[in-house]
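Please consider the sequence and model below.

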Amino acid sequence: MKRNVLDRGFVPKKFYPRGAQFEPALEDEKLYIERLLIEEYSRHDMGNLERQEKSEAYTIEVSKDGHALIKTASPLGALHALETFAQLFFAHSSSGSYSPYAPLLIKDGPMFEHRGLNLDIARNWISPADVMRTIEAMAACKLNKLHLHATDAQSWPIEIPALPDLAMEGAYSPEQVWRTGDLEAVQLHGEYHGVEVFIEIDLPGHTTSIGNAYPHLVTAKDVPWPEYALEPPSGQLRLNSSEVPPFIDSLLHDTLTRTSRYSSLFHLGGDELNLNAYLLDPTVKSSSHQVLQPLVQAFINHVISIAATHSLTVIMWEEMVLDWNLTLPSDVVVQTWRASGDDALGAILNRGYKTLFGSNAHWYLDCGHGYFVDPEPSNPDSPIKSPYVDYCSPYKNWRHMYTYDPVVDIPQSQRHLILGGEVHLWGELTDTVNLDSMLWPRVSAAAEVMWSSPGKKPDENTTRRLADLRERLLMKGIGAGVVQMEWCLKYKGGCRL
């Protein structure tokens, strides 16, 4: 632990005026923390917190005589406490490290049990090493769920041994494939850092890449995409083909047998299903919602039944309830994403389902970077025109993300159904090069909302706290973006308006 604290500390000269004496003098009398004791105790001793929050809660006490004690009810709580303990220390410019905060008593615990990041690894190549680095940054912010959006229309980057042609034909290249050992290593790395890693295989839409290996399973592939998909390329699993269910059996039993060792969750997708694509499906030949709804219900029932054999809790996107009016088991978690004005969260809660929040109006990290599609030269009415803003602009800066309050209009009687939320990074304009700066420090702002409580306004203390964390992320090798101009950090109070 001592080496860990020394490794993470930074010299905080950026936070003080030039020439200021901000460190303890080397000749000053010193009090050393010789030992850190971690004590596990019963969750019944932790007050009125919910079960999951109790398991993650902790206290840290550093006494006047240098005795340091952590109390927690679980190893996960201990990991959070150790993270906080390390962040109490700074590196001294001469040698060693120190904490200006002792003696102290910290009592801490999360507001929500599911505090996640949804990371798209399909649209552009994101390596396992990138994700491991991301997990370490997540642990520093006490995020505990990493949702890997593992497959999409554009590529199938994960190896499925039962269906080897999926990645062989569906990935961008043989070098851009997560092998089974890669996925297991990432999940294990997450476990070591208190982050549960689970995957999403988006079904039955967003599945064009399946058609590269199994074209007979997909409809509306290799046709002009704008009429049959929200983004290229078009293609969805056929809904009434006798060949699709056994394919789904092989795919999911292979995948979930492996991933369920490390996670109790599976995300089946279920978003943005294009009705027109089924006009081209020879097993359906209809775009009628009335015709398609029972077929979608049967498909989702099949996927849920497979997940149940692996004792997994299923998560799916809101469309399956709000657009398709499916009947789902009571333990399914419905993830909302459409803008707050659509009141998706309230609509899901009114139907009695557990849910996750993460509105695209607040927590979509890819927004505000412009369209990824080009204007069609032969189309004078192309929607792709100056100023080339994307559908969810503007850019979601960290202050905007910090003010997100998804529960403000939710009655207290329904709040127990809100498990938490996720911040989202879709990958059209993100790859291994700019991943860190797309995520950090903005994800840290969302993490604080999910750990403490939503609805707070950022102030200068928030800025300085986040800037401190940014320096610690840099020490971990995370390329986090700038929080604040250095002059403003040096001269507290000088950048208010």
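The model is predicted: local features need pLDDT of at least 70, side-chain atom pairs count only at pLDDT 80 or more, and totals for chains, interfaces and linings use all residues. Residues are numbered from 1 along each chain as its sequence is written, and side-chain values use heavy atoms, with hydrogens and water left out.

Helices are DSSP runs of H or I with at least four residues, strands runs of E with at least two, numbered from the N terminus. Helix α14 comprises the 16 residues 460-475. Of its 16 residues, 12 are buried (under 20% relative accessible area; exposed is over 50%, partly exposed in between; 1.4 Å probe, protein chains only). Among them are R464, L466 and R472. After α14 comes G477, with a positive phi near 90°.

The structure holds 15 aromatic pairs (ring centres of Phe, Tyr or the six-membered ring of Trp within 6.5 Å; planes under 30 degrees apart are stacked, over 60 edge-to-face, the rest tilted). The F10 and F15 rings are tilted, because their planes meet at 50°, with centres 6.1 Å apart. F10 is buried at 6% relative accessible area, and F15 is buried at 8%. R472 lies over the face of F90, 4.9 Å from the ring centre.

Key
Expected span 1.5 Å × (residues − 1). Lys NZ or Arg CZ within 6 Å of the ring centre and 35° of its normal.
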